[in-house]
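Could you walk me through this structure in the viewer, stop by stop? I'd like to know what to select next and what I will find there.

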Amino acid sequence: MSEQDIALPGMSGERRRVPAGVGAPANGAALPGFTVRANPLTSRLLWLVSFPTMLGAFLVARVFASGRAFFVDPDLWSHLKNGQNILATHHWPTADPYSFTVGGQPWITCEWFGEVVLAAISRIGGLVGLDILLIVLGSAIMIALYYYGTLRSGNSKAGFVAAGILSTLAVFSFTLRPQMLGYLFLVLTMIVLEFFRQGKHRALWFLPPLMLLWVNTHGSFIIGLGAIFVYWIAGLKDFELGGIVAKAWTPPERRQISFIFLLCLAALPITPYGTQIAMYPFNVAFKLPVGVANVTEWASMPFNQSGGKLFLMVLLGFLILQVCFRFIWRFEEFALFLFGTMMACVHVRFVLIFVPFCVPLLATIFARWLPRYDRAKEHYVLNAILIVGVAASMIWFFPSSAALQEKVATAFPVGAVAYIRQHTVPGPMFNAYNFGGYLIWAGQSVFMDGRADPYERGGALADYFHIAYLQPGALQVLAGYRVRSCLMERDAPLATLLATQPDWQKVYSDANSVIFVRRNPPTRGK
């Protein structure tokens, strides 16, 4: 039995063929799974130990290898605090409650649903629960990418290779923030759109409720809306231009995707803040120039680093193969690929959208040479041994709570916060950007944290970088906020400067943080 004859798991008695579509090297490929007509239960059980499932287990292992390191984004802690406050008060904030620099400045927590999820998991499982959530979300994303590549190419091996190559780029962005949910929602959206393109029209009804959840979770919902729009417009008319072709929707298909798109738009105001959340991505793009210019994740693709080099290799490899074999692509998928490439080059954080837009193209290319999955050649026992081995290894090597606490302590001012709680450290306190979220979580008032929008509107963000970069007059700007203590990274330029100032005293220091206290309180205007 060839892969053409394989049906989706659980669809016994019906062989559903998936059109190869434009760009595929062969005709009529189907999704991985099994058709055991006599016994659906046996079909499902065999699917659990199939070769495609075993490949998926390897992708999960790849995510685990990265996730067990528990790289924590500095913004995690403020997300946790926001979620905890919402769960405790059932109130969505409208003004900044955390800082002394812009306290009371209008501010909304536009990622509130993701923050509530993080806070609930933290309440139940602590750091261990959070690490499990990170691995589960990362695994779900990688499996969804694998499935998407398989769906598009009709070849599970090609889908696996494409997802595996791009996994390194993906896991760079796997940090425990609401954006992880947004990333998963984007891949699910692309799967649904591919189902619709292949004639499975009912799948499209999944998008409006997904968009309702998405708009309350992360600003990447705007990318999902854009993808739906591109698919809609790509089916308005048949055309062919070089290696790009477009296939027009049938009138019923056009009506359905138009209606679904309108329903998705109608979901945007259904938030605790009305339409404010829907406008947030535009506010970030056009009204926060200081944050975009100075925050690392908004930097352009670092082609001198390993991630940037891999990104460049993928692009060059695709270009070479396209020139050599002249693949033909659907207009919508190639347009999204170009958009994802452009955005990832401009801002490295948008590699999140490059990967799902690249996976179907790479999978279709690899399907040209990789043989399709053949159920007749299955080795179920060997597959089961490998899958169980992966699961057992993950359980065995999962970090303990103490190990996770130690990882947190190496990146955040755990010891410094303990010192502040045990000693009198006068405020207001200037703090490092990356320490702000942890201080908020610990209940400390902050000068700055990762929520750039209220600080930029209030003017404190520009002042922070003025001080942190030791621009002329930095100490005068610091005195203007009447700062009496500073908590910074141990090797920060400001820490080096304060160590030479007679009116500043170092009162605490550890491997990653240092506290300075001003000997004499600053006078106004000094």
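Start by selecting residues 244–246, which are strand E2, together with strand E1: the two pair in the antiparallel sense over three bridges. Keep in mind as you go that this is a predicted model. Within this pair, click on Phe239 and look across to E2, where Ala246 stands opposite.

Now widen the selection to take in E3. Three strands, in the order E1-E2-E3, make up an open sheet with mixed pairing. At its edges are E1 (239–241) and E3 (329–330), each of which pairs on one side only.

Together E6 and E7 form a hairpin, with three residues between them. For a landmark, pick Gln505 and find Val517 of E7 opposite.

For the last stop, go back to the helices and select H6 (residues 179–197) and H7 (residues 207–215). How far apart are the axes of H6 and H7? They lie 11 Å apart, and the helices pack at an angle of about 165 degrees. An angle over 145 degrees counts as roughly antiparallel, and H6 and H7 are therefore roughly antiparallel to each other. Their crossing is left-handed.

To see the contact itself, show side chains on both helices. H6 contributes Gly182, Phe185, Leu186, Leu188, Thr189, Val192 and Leu193, while H7 brings Leu207, Leu210, Leu213 and Trp214.

Methods. Residues are numbered from 1 along each chain as its sequence is written. This is a predicted model: local features need pLDDT of at least 70, side-chain atom pairs count only at pLDDT 80 or more; totals for chains, interfaces and linings use all residues. Side-chain values use heavy atoms; hydrogens and water are left out. Axes are lines fitted to C-alpha atoms, for helices over the stretch in contact, and angles run from 0 to 180 degrees between N-to-C directions. Helices (H or I, at least four residues) and strands (E, at least two) are DSSP runs, numbered from the N terminus. Angles under 35 degrees count as roughly parallel, over 145 as roughly antiparallel, 65 to 115 as roughly perpendicular and the rest as oblique. A crossing is left-handed if the near helix is turned anticlockwise from the far one by less than a right angle, and right-handed if clockwise. Contact means heavy atoms within 4.5 Å. Two strands pair if DSSP finds at least two bridges between them.
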